[in-house]
Amino acid sequence: MAEDSQSSDDEQTLDPKLLKFRKSWDCAREVPIIQNEQKPRKFLYFIHLLVTCLTGVLMFGLAFLSKVIFVNIFVSLGAAVLALVTMPHFDILTNVMILNSIGILSAVLQVIANVNSRGRKRFSIVSLVAVILLLAGWWENYAGLFNIPFFKKATEDVQRATNIVGIISSVIRIAVTAVVLGAYVKLSGQEWNCILTVSWKDKVTVLSLFAIQTISSALCRWVAVAACKMHAVRRSFVYPMWFVSPTVLAAFVLFIWIPYSSDVNVAPLLNNSFPLYCQLVRTVYNVSEVLTPFLQSIDTFDLIQTDVTNSLCARPMFYEGDALGQGLLGSSVICWWLGLVLCTVYISFLKMKRIQRTQELFVQSLYEAAFIDQSMLLNTRFDIPKLKHQKEKEMMTIYMCATMWHENLDEMMKMLISMFRMDQFRPKRNDFKDVSFESHIYFDDAFQDGEDEEVGEDGKTVKKRFVNEYAETLVEVIREVYMIFNEEDKSTFKEPIKIANQKIIPTPYGGRLQYTLPHGNTLIVHFKDKVKIRHKKRWSQIMYLYYLLGWKLHRRFYQDYENGIEKMTVEELLKKAKKNTYILALDGDTDFQPSAVMLLVDRLRMYPEVGAACGRIHPTGTGPMVWYQKFEYAVGHWVQKTAEHVFGCVLCSPGCFSLFRATALMDDNIMKKYTTVATEAGHYVQYDQGEDRWLCTLMLQQGWRVEYNAASDSYTNAPQEFKEFYNQRRRWGPSTMANTLDLLGSGDVTVRMNKSISTPFMLYQTLVMAASILGPATVCLMIAGSFSFVFGVSPNWSLVLAIVPPVIYLILCYLLKSDTQITIAAIMSILYAFLMTASILSIVGGMVVEGTFVTPSGIFFIGIASMYMITALLHPNEFGLIIYGLLYVLCIPSAYLLLAIYSMVNMNNVSWGTRETAAPKPANAAGTQTQIQKKIKEHKRSCKCCSWSLECRVSNDDEVTVVLPEKPEEPEEMTRRAPKDWIEQLKGKSGDLELDTKYLDEDEVQFWESLKERYLKPRTESRSEKKRIEADLKDLRNKATFVYFICNAIWLVATFFLQEIGSAVSIQIPKLYPNGTLNVDERIFIDPIGLMFVIGFALLLVIQFLAMVWHRLQTLIHFIAYQGTESAVVKKKMNMTKAKSYESLYDEKV
């Protein structure tokens, strides 16, 4: 808040011209969320609703009847009369003809609409009458084709209230169907008793057919939607729907013909005459004395076959042998079917996007189960193109922004190859015109002091600044990757390709390299000098957010407004530009393919409420720590992220590979609030330790949705050492907890602003948070169970023995240094792995001793194992990761007990923890080399068990300055001249990829100076300020640790006392054996708290499993859609390349 007040004071004293310049790029705002008092407002709203109830119901009823219900009543009436009254009295051929004739009105309306769109106004009266008389259920599909305000307004109203319309329509259809059925029973002279008093066999038959028809219709509708989303409209939707009626007809014909053929062979008196066979069937069917015992004696299949045969044989044309009538009926069926095909043939040529929204595919969310094929075909939207209004394809711009620090050569190589792949995937000049890419690398702390001195800007003598060895390595890697992608001809017999010179530019924040990639896209490397600009990852992100979205995007339209363009026009153009601009956040070691990016783009393009989307992150590396993380990442993505995606929103979109929408980032309280400087202890934990999670929290609180796409794969390096892993999770754990508590604390506001987040989802997150907090206590109970079973110790003493080691480690963490804590944790992790093995065996042994697995622990153990196995099977490409599941289980005490203790106790340590190694200094000009070497103090603990050598190593990096002896002087031509500045230094490293020195224009220099002054000025904290922050962080650590571990202590103490009290408060259930036998004499005792925890945890797993299954289906649809459309794009690209080669060959000949 102090900095905000300082900023407002600066604005008041700032020169108006500079203030106007700042407004051109500083477009984001931070505004308070004004929340009114809730209870009085809701109470007054309830009173108001109660008083105006009669008037509101009357007005709503009249308006709704005039636009929706009137149509639905008549549609329901038609469907009910057709299905319940008329169709049972017709044969199968007539029924197929009736169903196919549904499309005749659609065909007539399409012809009228096409004529009208081509300017033939003389048919407008006919079109108007046709639409007014339209009582079909798909009236919305045709209302938009005619310029009639009433129907257009009605369609818009229905679309805005599609959910409530669907609910009310369903109720109306049920009511109308019931009324039709009741009226038909009375009008036909039947009694309800005769209908209700049917045999059990008839009930089973009718209910079975009803269930089959209901389930198959619902699945058919879902599969049809999936087929359209997958871009398989013709082969998976239209063609099957076209041929379903002929196939049903053929099946019924065979259903009748096969028994007829067998009866003819048995009774030759029929003389192969179908009319005689029909007469015999009618005689048997109509004799009531024979019919009842006959129907009771045959099975269900024969009963259905007899009823179908009688319905056909009852027609005079069949039992009289009227060949002409049969031919006319068959011709009518074919003609009506061809009519349905012709009036729905437009669906085969519809242009759909990948994963098109269902409401954009179909007019209504409802379907007619009685004639599902006609319903789905005629319910599909169609868009007759107008002659003058063609929708233009919008171009997207994606800025790929990677942050780097101390990556090694291999990590840099992976990330740069991925960027060059994107340049190859969509060249700057291409015929698709769908997306353009621009790559940026923001290199933190790239400069260091040299040996020579120079006069600084303030007139003081300062050390010359050179780039460090990591920056030099990056330039060398860019040169190598550039040469690889620039060589289209791999042959050695070729002419050298002339490469255009690249640019090296000094900037107010350090320096910049600008490359034009082989296929025309741009790569810009920003080298940051921490003396000139604020360093660390979050500030690098703020740097590119304001540069790309503020300076390059917003300023352009601000200048247009200053040049006199109308405000409404500028705002509309700016809105469109922000809509089509995305930022792909990357880490310096991320490896990805173009398909992964495009799959994320699909989510943001199709769903405007999505502000960010992330993909499946795969950790890479070798060693046990990486193996553990492979399964941990798999479980996190398989069940946790999918559950968040399905039931609400993903809480964290990782900064290593996530796509963000510019509109969302530039929204209120997001980009602006993201620049908040940490001044309190909680800020350091929430803002700086997990910046990607905090950014997502801001987006969720502002109403944006964050999604997860499992088909978008990316790969990033994972910590391979125990120390690095613990330090990474020491940052992640408290940051995750702080952001989740922040989101839950603002739950009421978030639920109101974000339509994807509901109160049940908040409850789900509360349960997840509770389960994670009680993780240490749960591990202690598992270990206590193994002590009790293996060593025969009483349950309470086992619990005490399980609690003692964590308590000792907790005390040691307060007393010892961080490195020593990690060393102790590494040793204890190995010991706990053995105890975890005993815990698993004790669970299995308990089931063997009890003689049944139908116990809470047995069901829980088998359920988890089965769930993970099924989940792995549903991820066939990742099924091999299940092997690492055993290591994951053995490491549960280390990850959920020791790591939790270490993270909470070291919450006051806000250092990054990974890659914190100093860069070697360059050689000075005099020739005396001063190098910074690493002296590795290794703490090793080794043990050998069962021929496996287990070694835990924790390294301490100490800087040791070693002054090497001077080398003998070399000849002058052999001596390499030291570079005079960093520009010459990088030019020497760039080699064949020559760099030309350029300079920024004055406006951009002013922007960077203004941005630095506003947000990115390096911070210098006084000694007293540092001490205050350290004290506040320790105080926050102590409070958080007390609350965290007191919750676990209460859980353990409650369990202790319940075990001490014994069976008096235990829940007793009879023992159930696997074969279903119930033994009431033997009882299983369960403490209530343990049962509650097991039920809660099992409920979470079931919810996550169901979400995973649904998400897998959606991912499969999206992946197939992408593969199909992208293969068409590649094919088109190859054809274009061939055409151009033929044209060039023809030009050469000419």
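How much space lies in the largest cavity?

Guide: This is a predicted model, in which local features need pLDDT of at least 70 and side-chain atom pairs count only at pLDDT 80 or more, while totals for chains, interfaces and linings use all residues. Residues are numbered from 1 along each chain as its sequence is written, and side-chain values use heavy atoms, with hydrogens and water left out.

The largest cavity holds about 90 Å³ of space. A cavity here is a set of points, on a 1 Å grid over the protein atoms alone, where a 1.4 Å probe fits but cannot get out. Grid points are joined across faces, edges and corners, and the volume is the space filled by probe spheres set on the points. By this rule there are three cavities of 30 Å³ or more.

Thirteen residues line the largest cavity, and Q541, Y544, A585, F660 and L695 are those nearest its centre; a lining residue has an atom within 4 Å of a point. At least two lining residues come from each of α23 (537-562), β8 (581-587) and α29 (691-701). Such helices (H or I, at least four residues) and strands (E, at least two) are DSSP runs, numbered from the N terminus.

As for the setting, the protein has 42 helices and 17 strands. Of its 1150 residues, 44% are buried, that is, under 20% relative accessible area with a 1.4 Å probe and protein chains only. Among contacts (heavy atoms within 4.5 Å) between residues at least 6 apart in sequence, 78% join residues at least 24 apart.

Conventions. Buried < 20%, exposed > 50% of the residue type's maximum accessible area, 1.4 Å probe, protein only. 1 Å grid on protein atoms, 1.4 Å probe; cavity = no way out; pocket = protein on both sides within 12 Å on 5 of 7 lines; lining within 4 Å.
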